[in-house]
Amino acid sequence: MSDTNGLMKPDRPVGIVGYGAYVPRYRIPATEIAKMWKGGEGGVPIKEKSVNGLDEDVVTMSIEAARNAMLRAGINPQEIRAVWVGSESHPYAVKPTSTIVAEAIGAVPNTQAADWEFACKAGTEAMQAAIGFVGSGMAHYALSIGMDTAQGRPGDALEYTAAAGGAAMLIGPAAEAVAIINGSYSFVTDTPDFWRRAKAQYPSHGDRFTGEPAYFAHVSGAAEMIMGALGRQPSDYTWAVFHQPNAKFPRRAAQQLGFTPEQINPGLLSPRIGNTYAGSTMIGLTAVLDIAQPGDRILIVSYGSGAGSDAFDFEVTERLAEVRDRATKTETYISRRTEIDYATYTRFRDKLKL
Amino acid sequence: MEVSRHWRLKEQRYSLVGETCEHCGVKLFPPRDVCLACEAPAKELYTFTGLGEVYSYTTVYDAPAGFEHQAPYTVALVKLEEGPLVTAQLTDVDKDTIQIGMPVEMVTRKLYTEGDEGTIVYGYKFRPSVSATA
């Protein structure tokens, strides 16, 4: 086996054949949460976050994102050999989200189906596995989804940002791709910055420990390693997306690595929708694909607590312009905005115990 | 618990899968196996586009068992573009904005849950068209 410097690249070239986003319509402003717990004083980490409605969960949201990816791909769902959903808010503790999604898009029964977990990077892990499935020839198409209805303890710092949304990526042969995948890289260590024990309703975290040793070490590590392995500089990329737990972290990571605000702004959605956890990096990518041009290079780096980062290097093809208008754009979902107050939020998020 | 009944209905509930009559072309929802127009056998499956318009509607304030937490909500008769009328909840909508003739599209949502430990039942609802504005 050849030395690839840790770069993961399949023998058979693969890419994103279809992509789709989903964001629920409800928004709670961060100032509304601050009003509840801080007397309305002090700064807030984002403008507002998206909140799922009473009848929405990771299953329903994944179905909509997957349908958007299928509309853009324009393929027969019976040709899909894997439906994988990464999330930390699967509706069932035992019973797959992925089988329901596979059924709803018409991919059953000749398909693999599984749910993935790794805090906020469960979706990009599923993408890497899909690259392997397609790249090895085991599958022509594999669907990977990152989606969450993230939980935030009332009054906790994460309540301002824990949001709902995500994206679906259909991986297939490079010849059919809207963006070719040049390689992927994973950077993982045992770092206890954020966790939720079995049967606990809300997660716990290590406060400031979530910064340097956790988010920044892994995001920067993965970004530097993939750029080194591919011989690239930040200036080689048209666009970049870094995992978005708030508005500050991805901006700072980008600056430290040498990326400009112009490179990251189109994919930086956290100020307007919050942290969609397993969906965060992937939905940022959908917003970039909604505007990218042939030949554009895109770097994305996810981050999942516990901890690890997955990095991907993409190159946009001519086919993107042909397919992007076939489904609802990410910006359209973000603009479809209905503001709610804290009381409505507690009802929608089942925080009221009767 | 009605696990088996929900399982039997999953295709029509998740994806609006009905039938088409090979004899006269009429589309049927829900699937009935016999054409309502010409009474010929109609067993070929057909997946509806999910696009339609509000034919009529009402708001439910006194909800039946299992739906109490959702009230008030709107139930509509939706005229699908292929013809059939379907009864379903409207979602992602402010009830003051609903009008007869309003374009709607199908989404798959949670219908209800069977208590805290039972299954979650998913199925079709309709919302004001988002894709039309894309």
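Q: Which residue in strand 10 of chain B is the bridge partner of Lys110(B)?
A: Strands of a sheet pair through backbone hydrogen bonds, either parallel or antiparallel. In this predicted model, Lys110(B) has Tyr122(B) as its bridge partner. Strand 9 (residues 103-113) of chain B pairs with strand 10 of chain B over 9 bridges, in the antiparallel sense.

Q: What is the strand order of the open sheet in chain B?
A: The 5 strands follow the order 8-7-6-9-10, with antiparallel pairing. Strand 8 (85-89) and strand 10 (120-128) of chain B each have a single partner strand, so one side of each lacks a neighbour in the sheet. From one strand to the next, the twist averages 30 degrees.

Q: Which helix of chain A packs on the sheet?
A: Helix 2 of chain A does so, touching strand 9 and strand 10 of chain B. The direction of this helix makes about 155 degrees with that of strand 9 of chain B.

Q: Which residues touch the most other members of the largest nonpolar core?
A: In soluble globular proteins, nonpolar side chains tend to be buried together. Here the largest core has 115 residues, and Val101(A), Leu143(A) and Ile171(A) touch the most other members. Helix 2 (residues 58-73) of chain A supplies the largest share, 9 residues. Domain 1 (14-178 + 329-348) and domain 2 (179-316) of chain A each contribute at least three residues to this core.

Q: Which residues are in contact with Val101(A), leaving aside neighbours within four places in sequence?
A: Among them are Val59(A), Ser62(A), Ile63(A) and Ala66(A), as well as Ile145(A). Another core, of 15 residues, lies apart from the largest one and includes Val54(B) and Leu90(B).

Conventions
Residues numbered from 1 in each chain as written. Chains lettered and ligands numbered in written order. Predicted model: local features only at pLDDT ≥ 70, side-chain atom pairs only at ≥ 80, totals over all residues. Core = buried A, V, L, I, M, F, W, Y, C linked by C-beta atoms within 7 Å. Buried ≥ 20, exposed ≤ 12 C-beta atoms within 10 Å, placed from the backbone. Helix = DSSP H or I, 4+ residues; strand = E, 2+ residues; numbered from the N terminus. Domains from an automatic or database assignment. Contact = placed C-beta atoms within 7 Å. Pairing = 2+ DSSP bridges. Axes fitted to C-alpha atoms, helices over the stretch in contact; angles between N-to-C directions.
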